[in-house]
Amino acid sequence: MFKTLLLVIAVAAGGLALYPEWRAAHQAPPQLTIRYKAGSPATAAVAQPWLEVVNTSKKRVLLSDVTIRYYFTGDGASSYAFNCVQAAVGCSNIAGETVAPADPGTTADRYLQISFTTGAGSLAPGAKSGAIGLQLYRPDGRKLNQLNDRSFNAADTTFQASRMVTGYLRGAHVWGDEPTGRTGSTGPTGSTGSTGSTGHAAASAPGSSVPRPRPAHPRGIVFDDFHYSGPDDPALHAHGWLVRTSPGGPGIHDTWSAAGVSFPAERSAVGGQVMQLRATTDGTKASTKQAEVQSSGTDFLTGTYAARIYFNDKPTSGRNGDHVNESFYTISPNNSRYSELDNEYMPNGGWGAPGPKLDTTSWYSADTGDRVTHKLVSSLQGWHTMVITAVHGVATYSVDGHKLFSSGGKYFPRQNMSINFNTWFVDLPFTGPRAWDMQVNWFYYNADKAQSLADVQKSVNGLYGSGTHYVNTVSKH
């Protein structure tokens, strides 16, 4: 009896000693796997991480329950910006923000956090989200050094499971190695490869900055806060904006240039970045460059149009006195059912009328000049929210919630229009170099209804609060 008891104890002790090895060999697969590939070299103006979510559990996963963190170092920059360029689930269903954690690591003092709306759908067991093409850049235009970024790996030119990118499901850490080695990480911080999954060690929430599931954006809206790296940014075109370089007017004909379009950091702007439209000249046509950005691919007609714009009464450099035009307007592509709704601010006036003045104009025919207009004679130096509503046969213009003018009848839009922002010269009255800037903080459109300034601001604040830089749920042609 005593010998039998000793044998049982010995077998049990051996079993306990072998348990860690057995558990490692039989560890449950992770609920999620995050795959990564590098889209840019180590030194680049724009980092281009590509990510993909794989449901490696046995249950369907809502993407709105998923959060991803991509870790990098700040390199002394005060701010970084994010953008989605391409996504199988739609960039409108992806939100992102850059975060400086309270416990930074040597190669991870910041991270880019990605989350999804309910419109992104769900993943069946074994399914993939499809590729998500992202951008990370400095609004000051300086290049990034990714060699000291924890999540960057130049060798990953095709999708690979990366433990340097972490994943969370309903706030619980389920994939990857966090820089601080908190609960949920397996193996030492800095390990690589796709094995050694987190298994059931998912009790660690990633912190209050992980968003709760967000509803899908409502149908019929467009929003953009112009987080782009430059006029040649692929995301700018992917989101339906064209930088004009084509000939023609208005202003000094055939002088439209991408050189005047930029997206600098701006402390006074919500979100810290703006679209800047600069017109420059020395008084000769040969040296003149005008700037315009216009929409493409989206049908705009009735509803609410709004933009937060910084108008300038003085040039950024050079002598004042130009008849310069700082504009936000909608316009139809042809004359068959011509439609145009204008906001044109002229700090020094133009066409024989003194300034500063804002012309709000509704057009019926560009060929005959058939239009109705209203002039606000007042300085608009600084930030202003411009709103145009076009519903039930009446177009109404307002500035900062103050109604200026309404038009109806034949002056109501009759066909789809594009959105246009531009800065241009009516004429060239004197010589000498000068530059004029107009800045746009954000653009918002609601196709379904007229919204007050308070309603517009509430919608825009909600989009900013959710980390949304761009969304478009309007039908496209």
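A polar contact is a pair of N or O atoms within 3.5 Å. Thr255 gives an example: its side chain reaches the backbone oxygen of Ile252 at 2.7 Å. The model is predicted. It holds one disulfide, ten salt bridges and two cavities of 30 Å³ or more. The largest pocket has a volume of about 640 Å³.

- Thr255 sits in the loop between E17 and E18.
- Is Thr255 buried or exposed? Thr255 is buried, because its relative accessible area is 6% and the cut-off for buried is under 20%.

**The disulfide**

- Cys84 and Cys91 are joined by a disulfide, with an S to S distance of 2.1 Å.
- The torsion about the S-S bond of Cys84 and Cys91 is about -70 degrees, so this disulfide is left-handed.
- Cys84 has a relative accessible area of 3%, so Cys84 is buried.
- Cys91 has a relative accessibility of 11%, so Cys91 counts as buried too.

**Salt bridges**

- Glu52 and Arg35 meet through their side chains in a salt bridge, at 2.7 Å from N to O. The pair links distant parts of the chain: Glu52 is in strand E4 (residues 49-55) and Arg35 is in strand E1 (residues 32-38), 17 residues apart.
- Glu52 counts as buried, because its relative accessibility is 7%.
- Arg170 forms a salt bridge with Asp65, and their closest N and O atoms are 3.7 Å apart. This pair links parts of the chain 105 residues apart. Arg170 lies in the loop between strand E14 (165-169) and strand E15 (172-175). Asp65 lies in the loop between strand E5 (61-62) and strand E6 (66-72).
- Which residue of this pair is exposed, with a relative accessible area of 60%? That residue is Arg170. Asp65, at 12% relative accessibility, counts as buried.
- Arg244 and Glu292 meet in a salt bridge of their side chains, at 3.4 Å from N to O. Arg244 is in the loop between strand E17 (241-243) and strand E18 (261-262), and Glu292 is in strand E20 (residues 291-295), 48 residues apart.
- Both Arg244 and Glu292 are buried.
- Lys357, Asp359 and Lys375 are linked in a network of salt bridges.

**Cavities**

- Rolling a probe the size of a water molecule over the atoms shows where empty space is left.
- The largest cavity contains about 60 Å³ of space. Its lining includes Val222, Asp224, His239, Trp241 and Tyr470.
- Strand E16 (221-224) and strand E32 (470-472) are the elements that give two or more residues to the lining of the largest cavity.
- By class, this lining has four nonpolar, six polar and one charged residue.
- The second largest cavity contains about 40 Å³ of space.
- Which strand gives the most to the lining of the second largest cavity? Strand E7 (residues 81-87) does, with three residues.
- The lining of the second largest cavity has five nonpolar, three polar and no charged residues.

- The largest pocket, about 640 Å³ in volume, is lined by 31 residues. Closest to its centre are Tyr329, Ile331, Tyr338, Glu340 and Asp342.
- Several strands each supply at least two residues of this lining, among them E20, strand E23 (324-331) and strand E24 (340-346).
- E25 gives the most to the lining of the largest pocket, with four residues.
- The lining of the largest pocket divides into ten nonpolar, eleven polar and ten charged residues.
- The second largest pocket holds about 450 Å³ of space. Its lining has 25 residues, and Ser78, Ser79, Tyr80, Pro139 and Gly272 lie nearest its centre.
- E7 and strand E8 (94-99) each supply at least two residues of the lining of the second largest pocket. The largest share, four residues, comes from E8.
- The lining of the second largest pocket has eight nonpolar, ten polar and seven charged residues.

Note on methods:
Residues are numbered from 1 along each chain as its sequence is written. This is a predicted model: local features need pLDDT of at least 70, side-chain atom pairs count only at pLDDT 80 or more; totals for chains, interfaces and linings use all residues. Side-chain values use heavy atoms; hydrogens and water are left out. A disulfide is a pair of cysteine sulfur atoms within 2.5 Å. Buried means under 20% relative accessible area, exposed over 50%, partly exposed in between (1.4 Å probe, protein chains only). On a 1 Å grid over the protein atoms alone, a cavity is a set of points where a 1.4 Å probe fits but cannot get out, and a pocket is an open set with protein on both sides within 12 Å along at least five of seven lines; lining residues have an atom within 4 Å of a point. Grid points are joined across faces, edges and corners, and a volume is the space filled by probe spheres set on the points. Ala, Val, Leu, Ile, Met, Phe, Trp, Tyr, Cys and Pro count as nonpolar, Asp, Glu, Lys and Arg as charged, and the others, Gly among them, as polar. A salt bridge is a side-chain nitrogen of Lys or Arg within 4 Å of a carboxyl oxygen of Asp or Glu. A polar contact is a pair of N or O atoms within 3.5 Å; within protein, one must be able to donate a hydrogen and the other to accept it, and residues adjacent in sequence count only if both atoms are side-chain atoms.
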